[in-house]
Amino acid sequence: MIIFTLTSYWISTRIPLEASILRDRNMLYRTNYLGIVENTYTLKILNKTQRKFTL
């Protein structure tokens, strides 16, 4: 949980950032092995700066 929080903060404070969420066009939904209905999305995060990325 701490890693998720720190990563979320780090991403949200970046000024030149582009993010997009795309839904899978091929499948409206799928059922997993537990019988729960799931939707599939793809998250893309682009770094728009010219400097090298380091963690």
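Residues are numbered from 1 along each chain as its sequence is written, and side-chain values use heavy atoms, with hydrogens and water left out.

Let me start with confidence. The protein chain has an average pLDDT of 79, pLDDT being the predictor's confidence in each residue, from 0 to 100. A score of at least 70 is reached by 87% of the residues. Helices (H or I, at least four residues) and strands (E, at least two) are DSSP runs, numbered from the N terminus. Where pLDDT is low, the predicted coordinates should not be read in detail.

Ile21, Tyr41, Leu43 and Ile45 make a nonpolar patch of about 440 Å². Such patches join nonpolar side chains (Val, Leu, Ile, Met, Phe, Trp, Tyr) within 5 Å, taken from residues with over 30% relative accessible area and no salt bridge; the areas come from the Shrake-Rupley method with a 1.4 Å probe, and for residues only the protein chains shown count as cover. Strand β4, residues 41-47, gives the most to this patch, with 3 residues. Ile21 belongs to strand β1, residues 17-23. Ile21 counts as exposed because its relative accessibility is 61%, where exposed means over 50%, buried under 20%, and partly exposed in between.

How many salt bridges does a search of the whole structure find? The search finds 1, a salt bridge being a side-chain nitrogen of Lys or Arg within 4 Å of a carboxyl oxygen of Asp or Glu. Glu38 pairs with Arg30, and their closest N and O atoms are 3.0 Å apart. Glu38 is partly exposed at 27%, and Arg30 is partly exposed at 41%.

I close with two residues. Ser20 sits in strand β1 and is partly exposed, at 27%. Leaving aside residues up to four places away in sequence, Ser20 touches Thr42, Leu43 and Lys44, contact meaning heavy atoms within 4.5 Å. Asn26 lies in the loop between β1 and β2 and is exposed, at 75%.

Definitions and conventions. Predicted model: local features only at pLDDT ≥ 70, side-chain atom pairs only at ≥ 80, totals over all residues. Patch = residues over 30% accessible without salt bridge, like charges linked within 9 Å, V, L, I, M, F, W, Y side chains within 5 Å. Buried < 20%, exposed > 50% of the residue type's maximum accessible area, 1.4 Å probe, protein only.
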